[in-house]
Amino acid sequence: DDATLFELKSDKLAKAMEIIDPNDKMILLMKYQDDMPIKEISEVLELGESAVKMRVKRAKEKVVKAYQEL
């Protein structure tokens with residue numbers, strides 16, 4: 001059933017999130033869980049917006065890689 005499949009995927013994603021660097025995890029959670037705009041993340045982290053965008057991109061790549069390796 002679809003719900004079971006979704007739970008398996010989210011469980012695997014949670015494991016992948018645990019594997020990655022805490023800073024990468026933090027920026028992804030700010031963007032996707034807390035739904036913060038790039039501008040707000042850049043203010044909180046005291047980084048330029050382009051730096052935040054690049055960190056989000058790299059963090060996503062690391063999560064995907066960790067996910068695929070599980």
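Begin by selecting Asp24, which is found in helix α2; helices (H or I, at least four residues) and strands (E, at least two) are DSSP runs, numbered from the N terminus. The model is a predicted one, in which local features need pLDDT of at least 70 and side-chain atom pairs count only at pLDDT 80 or more, while totals for chains, interfaces and linings use all residues. Residues are numbered from 1 along each chain as its sequence is written, and side-chain values use heavy atoms, with hydrogens and water left out.

**Stop 1**

Is Asp24 buried or exposed? At 10% relative accessibility, Asp24 counts as buried; the term buried means under 20% relative accessible area, exposed means over 50%, and partly exposed lies in between (1.4 Å probe, protein chains only). Now display what surrounds Asp24. Leaving aside neighbours within four places in sequence, Asp24 is in contact with Ala59 and Lys62, where contact means heavy atoms within 4.5 Å.

The side chains of Asp24 and Lys62 make a polar contact at 2.9 Å. A polar contact is a pair of N or O atoms within 3.5 Å; within protein, one must be able to donate a hydrogen and the other to accept it, and residues adjacent in sequence count only if both atoms are side-chain atoms. Asp24 and Lys62 also form a salt bridge, with their closest N and O atoms 2.9 Å apart; the term denotes a side-chain nitrogen of Lys or Arg within 4 Å of a carboxyl oxygen of Asp or Glu. Because Asp24 lies in helix α2 (residues 22-33) and Lys62 in helix α4 (residues 49-69), this pair ties together parts that are 38 residues apart in sequence. In contrast to buried Asp24, Lys62 is partly exposed, with a relative accessible area of 42%.

**Stop 2: along helix α4**

Select residues 49-69, which make up helix α4. At 1.5 Å a residue, the 21 residues of α4 should span 30 Å, and the end C-alpha atoms are 30 Å apart, which agrees; the expected span is 1.5 Å times one less than the number of residues in the helix.

Which residues of α4 are buried? They are Val52, Val56, Ala59, Val63 and Ala66. Viewed down the axis of α4, these buried residues fall within an arc of 95°, so they line one face of the helix; the arc is that of the directions from the helix axis to the C-beta atoms. An α-helix has 3.6 residues a turn, so residues three or four places apart point the same way. Display the other helices as well: the buried residues of α4 pack against α1 (2-19), α2 and α3.

Select Lys65 and Glu69 together: they form a salt bridge, with the closest N and O atoms 3.0 Å apart. Both residues lie in helix α4, four residues apart, about one turn of the helix.

**Stop 3: helix α3**

Select Lys39 and Glu43, whose side chains meet in a salt bridge (3.7 Å, N to O). Both belong to helix α3 (residues 38-45) and are four residues apart, about one turn of the helix. Glu43 counts as exposed, at 52% relative accessibility. The salt bridges number six by the rule given above.

**Stop 4: two loop residues**

Move to Asp35, in the loop between α2 and α3. Asp35 has a positive phi of about 60° although it is not a glycine, and it is exposed, with a relative accessible area of 63%. Next select Glu46, in the loop between α3 and α4. The phi of Glu46 is near 55°, a positive value in a residue other than glycine, and Glu46 counts as exposed at 74% relative accessibility.

**Stop 5: the whole chain**

Finally, select everything. The protein has four helices and zero strands, and its pattern along the sequence reads α-α-α-α. The C-alpha atoms fill a box of roughly 45 × 20 × 15 Å, taken along the principal axes. Of the 70 residues, 23% count as buried. Among contacts between residues at least 6 apart in sequence, 54% join residues at least 24 apart.
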